[in-house]
Amino acid sequence: MPKMLILGNSDDVAVALNPLEANTSIPELKITALSDIPAGHKIALHAIPAGHPIRKFNQIIGFATNPIAVGEHVHTHNLITGNFERDYSIGTEAHSTELLDPAHAATFQGIVRSDGRVATRNYVGVLTTVNCSATVARRIAAHFTAEVLSAYPNVDGVVAITHGTGCGMAEHGEPADLLRRVFAGYATHPNFASVLLLGLGCETNQIDSLITLTGSSPNLRTSTIQEEGGTAAAIRNGIATVREMLEQANQVSRATVSASNLMVGLQCGGSDAYSGISANPALGAAVDLLVQNGGTAILSETPEIYGAEHLLTRRSASPDVAARLIERIHWWEEYTARHKGSIDNNPQPGNKTGGLTTILEKSLGAISKGGTTNLVEVYRYAEPIHKKGLVFMDSPGFDPVSATGQVASGANLLCFTTGRGSVFGCKPSPSIKLASNTPLYKRMADDMDINCGTIIDGEETVQQAGLRIFNAMLATASGRQTRSEELGFGEEEFQPWLQSATL
């Protein structure tokens, strides 16, 4: 029995929820599939002339490249993005969000730092300023095996955050400022009880410049390999420093705190056509609950809201917020053109196999992660976030780069939707992975935390799944391990956004 889904009353296509063979009759739509149509892919509901817009979610997802017959498969062979004017209608759908009475608001078991910020994890970090200190950092962290850490039961681990940059770049300008914002955000992140900032000594990304941003703190120690007398001495002294940090970090305990202390980064990767139907809108429903409880959600991946940004400007809290978002869209158009690329190089091959055709279609699904509340602010990449509610942080669509920026901005938890099977982990902030379909959830059970395929299967509504996700946020923030944490993932995924030329 064919299962079909029409997502908007003005849609030109329906989504096949199971595979259709050629000549399959679909009585409820009064159409017949003209060819094989894979699950998650689109079928034309009526004849569509060449050049006409094609709608899904009641929104344009592209234009027909040639005449499309009733029952024809609609995909990359007959649909392209095209250009059209978006109706930004700034603020027309903005509405006030009624916050819950604090006495009745949700809570979790968090770790309250001395400055009042709340952590969901309690790590000690070894953060490298440059690639040249990466091996030393890893050797320091490797000393603290599970057996050694058993003496510190209140500590989640010692994390080496390494990367491939920090030198061979201009010392001043936006790319350098952006990189330093990332390191400042990680060095002071509440999920780190303390951090050893480790450099080589002669790199562009100097420790002194970072301390200027972070300020001095007893929880932030510094070291350079050159001043220590070489790698062996730096490893030996680093181990001693981390051991002191562990003694202090182990003194913390969890306490009941308001859900308003949650700052959740929203990510999607390895998306399929089901992502915008199940996992993303369910996460959006959870975001609405989070915002009602006074928390913060960070929507990002600017190239993956392209073509759907008008849905955010319509619920922007002010014209200034909308203007900042539009400015970021135009910046990306110029940025990709400068590098002889196109902002429409998305979706990726895996996305297309899963049923997505254009960046417009992908963006409409991706943007639903942000729920229905007002957009209250727009931030640059890795800028500290202070506003409560739904905010936007500018970033590339590449998940590790985007998530790194969100953590640097203050995210103490991530929710990551996937339809094809992303295995992204993240330290120091735990990453909850949401599967868009049940076959994926079963096939990759070791990596997936939540199955949103129940929506496709008709077992629960988007709102019910959203409540389940929100409760998982609270449990994870209280210390329950995610699948990626159980597997030990999350150190290698750190990836700052590199805008500069390598010199």
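Biologist: How many positive and negative side chains does the protein have, and how far apart do the centres of the two sets lie?

Modeller: This is a predicted model, in which local features need pLDDT of at least 70 and side-chain atom pairs count only at pLDDT 80 or more, while totals for chains, interfaces and linings use all residues. Residues are numbered from 1 along each chain as its sequence is written, and side-chain values use heavy atoms, with hydrogens and water left out. Lys and Arg count as positive and Asp and Glu as negative, without His and the chain ends, and each charge is placed at NZ of Lys, CZ of Arg, CG of Asp or CD of Glu. The protein has 37 positive and 49 negative side chains, and the distance between the centres of the two sets is 2 Å.

Biologist: Which radius of gyration does the protein have, and why does it agree with a compact globule?

Modeller: The radius is taken over C-alpha atoms, and the globule rule is 2.2 Å times the number of residues to the power 0.38. For 503 residues the rule gives a value near 23 Å, so there is agreement with the protein's own radius of gyration, 24 Å.

Biologist: What percentage of the residues count as buried?

Modeller: Buried means under 20% relative accessible area, exposed means over 50%, and partly exposed is in between (1.4 Å probe, protein chains only). Of the 503 residues, the buried share is 59%.

Biologist: How many helices and strands make up the secondary structure?

Modeller: Both are DSSP runs numbered from the N terminus: helices are H or I with at least four residues, strands are E with at least two. The secondary structure comes to 16 helices and 23 strands.

Biologist: Why is the pair of Trp331 and Tyr335 classed as it is?

Modeller: Rings of Phe, Tyr and Trp (its six-membered ring) pair if their centres lie within 6.5 Å; planes under 30 degrees apart are stacked, over 60 edge-to-face, and the rest tilted. By this rule the protein has eleven aromatic pairs. The ring centres of Trp331 and Tyr335 are 4.6 Å apart and their planes are at 15 degrees, so this pair is stacked.

Biologist: Which helix holds Trp331 and Tyr335?

Modeller: Trp331 is buried at 18% relative accessible area, and Tyr335 is buried at 13%. The two are four residues apart, so about one helical turn separates them within helix α9 (residues 319–338).

Biologist: What kind of aromatic pair do Trp331 and Trp497 form?

Modeller: Trp331 lies in helix α9 and Trp497 in the segment after α16 (483–486), 166 residues apart, and the pair links distant parts of the chain. Both Trp331 and Trp497 are buried. Their centres are 5.9 Å apart with 90 degrees between the planes, and the pair is edge-to-face.

Biologist: Which residues form one aromatic cluster with Trp331?

Modeller: The stacked partner Tyr335 and the edge-to-face partner Trp497 both belong to it.

Biologist: Which residues does Ser402 touch?

Modeller: Ser402 is in helix α12 (residues 399–409) and is buried, with a relative accessible area of 0%. Contact means heavy atoms within 4.5 Å. Not counting residues up to four places away in sequence, Ser402 touches Gln267, Ser300, Glu301, Met393, Ser395 and Pro396.

Biologist: What is the phi of Glu301?

Modeller: Glu301 sits in the loop between β18 (296–299) and α8 (310–313), and is buried at 1% relative accessible area. Most residues other than glycine have a negative phi. Glu301 is not a glycine, yet its phi is positive, at about 60 degrees.

Biologist: Is Lys340 buried or exposed?

Modeller: Lys340 lies in the loop between α9 and α10 (349–353). Its phi is also positive, near 55 degrees. With a relative accessible area of 78%, Lys340 is exposed.

Biologist: What is the omega of the peptide bond from Lys427 to Pro428?

Modeller: Pro428 is found in the loop between β21 (413–418) and β22 (431–435). Most peptide bonds are trans. The bond from Lys427 to Pro428 is cis, with omega near 15 degrees.
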